Each structure stands twice: as C-alpha cells, then as structure tokens.
Amino acid sequence: MASCEKIVVAFDLYGTLLSTDSIAQELAKQFGQEKSASIAVTWRKYQLEYTWRLNSMEQYLPFSSVTQRALTHALSENAVPPPPEAAVASLMSAYDSLSTFPDVAPALESLAKSPSVTPVVFSNGTDEMVGNSVHRSPDLSPYSKVFRDIVTVEEVKKFKPHPDVYYHLAKKVGKSKGDMGDIWLVSGNPFDVVGAKAVGMKACWVDRGGQGWCDSIGEGKAGEPDFIGKDLGKIVQTILRASKTRQ
C-alpha cells in the first residue's frame, strides 16, 4: 500500500503509457498491412465501447474477455474472416507487449528520481494483463520498479469512468474519499479524466495530438483537466512541482 502522506500519481495504462495503435504491427502479420491500421483503431473503439455498455447494464466481464470480443467485432466490421484460434491467442499475447509512447521512458526516468510522489498503474485491465505488461513487456518492464503498486478494476468489477473504480483506487493507495484531491490521474483518455474529476481527483490529460480539450460532458472548469500537456514529461514535472509545494 502506498504512503498516505504523499501525492499519489495514478497512470492509466492503455492509451497513456502503452500505445494501443502499436498492435497494428502484429495485425499486419496476420491480416496484411492494408487492413492492420483500420482493425487496430476499430478494435480499440469496441474495447472501450463494450466497457461502457457493461457499466450501463450493471454487468462485468474481465477485460481480457472484453478485448477478445472487441477483436472479433473489429475483424467482422473490416470484412476479415474469423481467424484460427492460434492467431487470436497470438494477438492476445501481443496485447501484453504493446509499445510505449516515445515520451514515456524519459518521463518515468525523471519520476524514478523523485521521492515526493507515489506512482501507481491504474487500469481497466485484469491483474494478469496489466502485470504482464508492466513486468514483461520489452518497453515498459525496465521501469516496473518506478511503480509502487498496480491497481486494476478486477476486484470492484466495474470499469472507468464509474465512480466506484476511482474510490477503489483511493482505498488501495491508503486514501479516503475525503482525500481524493491528493490523487492525480494521468491519462490520455478524456473519459477517464472526466471520471476522475467527477469524484474530486486532480487529473492531467496527455494531449499528444495537440487537439486541445473538446470534451463537454463535465460542467465548466470543474469538468476539465487540471493540466494538459502534449508530452508526458511536462505533465510529470508539473505534478512534481505541485508535490513540492506541499512539503
């Protein structure tokens, strides 16, 4: 369990530290270069949509099952015949070794040198999926010791942005509901940022595309990120500066 006295920095995994688009390389091996990018985008689209549907229906499936079913949907939508089971298993295994974004390594190296915050991974993934990614993936595993804990939704059986998921995070890192402002979410997913803000957390949005904040579901400034950065390193530095003002 993380220290209760430090700022907790909760890093989303898929779409923040790991690029879900990088699975296109594996898809190209199975289905050809022409369709790989489209399948990758569609796969991610339904992976997220399925989690939101499940939340709305008050149902739960492990993220590994959600991911595999979303793949089936994506392949069908891209007019790809159902692949052999071995091909599906290979793609699911590859999902545990997604590439990091280029700005991740230097940001984590910077974070490793600071004792003023407690970094954790916070993900929709299952314990097994996230553990494999953090500890075994070629890109991310060299920085696994930066993270003090891995928190997933598997125990609470709901997905982001359900409020219970963020309260579960707080409990796992030794915070109460009254301490939500001591937890900073770092995410490249706007729905995640909005969910964190709704329960009183601080949130930073990684805007690698430089498009600016467009999400309008939150009410005014209260629904917007506390900080927006195109580069993960700038976001980490902002949080580190905030942590020093508390000391």
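H2, H8 and E5 each supply at least two residues of the lining of the largest pocket. H2 gives the largest share of that lining, four residues. The model is a predicted one. In it, the largest pocket has a volume of about 420 Å³. The pocket is lined by 19 residues, and those closest to its centre are Gly-15, Arg-44, Gly-188, Asn-189 and Pro-190. By class, the pocket lining holds eight nonpolar, seven polar and four charged residues.

About 60 Å³ of space lies in the largest cavity. Helix H2 (33–57) and helix H8 (190–198) each supply at least two residues of its lining. Among the cavity-lining residues are Arg-44 and Leu-48, along with Phe-191 and Asp-192. Asp-12, Tyr-14, Phe-63 and Lys-160 also line the cavity, as do Ser-123, Asn-124 and Asn-189. The lining divides into four nonpolar, three polar and four charged residues. Arg-44 and Asn-189 line this cavity, and both are also among the residues closest to the centre of the largest pocket.

Is it mostly covered or mostly uncovered? H8 is mostly covered, with seven of its nine residues buried. The buried residues are Phe-191, Asp-192, Val-193, Val-194, Gly-195, Ala-196 and Lys-197. Which elements cover them? The cover includes H2, helix H7 (163–172), strand E4 (183–187) and strand E5 (202–206). Just after H8, Gly-200 takes a positive phi of about 95 degrees.

Note on methods. Residues numbered from 1 in each chain as written. Predicted model: local features only at pLDDT ≥ 70, side-chain atom pairs only at ≥ 80, totals over all residues. Heavy atoms only, no water. 1 Å grid on protein atoms, 1.4 Å probe; cavity = no way out; pocket = protein on both sides within 12 Å on 5 of 7 lines; lining within 4 Å. Points joined across faces, edges and corners; volume = space filled by probe spheres on them. Nonpolar A, V, L, I, M, F, W, Y, C, P; charged D, E, K, R; others polar. Buried < 20%, exposed > 50% of the residue type's maximum accessible area, 1.4 Å probe, protein only. Contact = heavy atoms within 4.5 Å.
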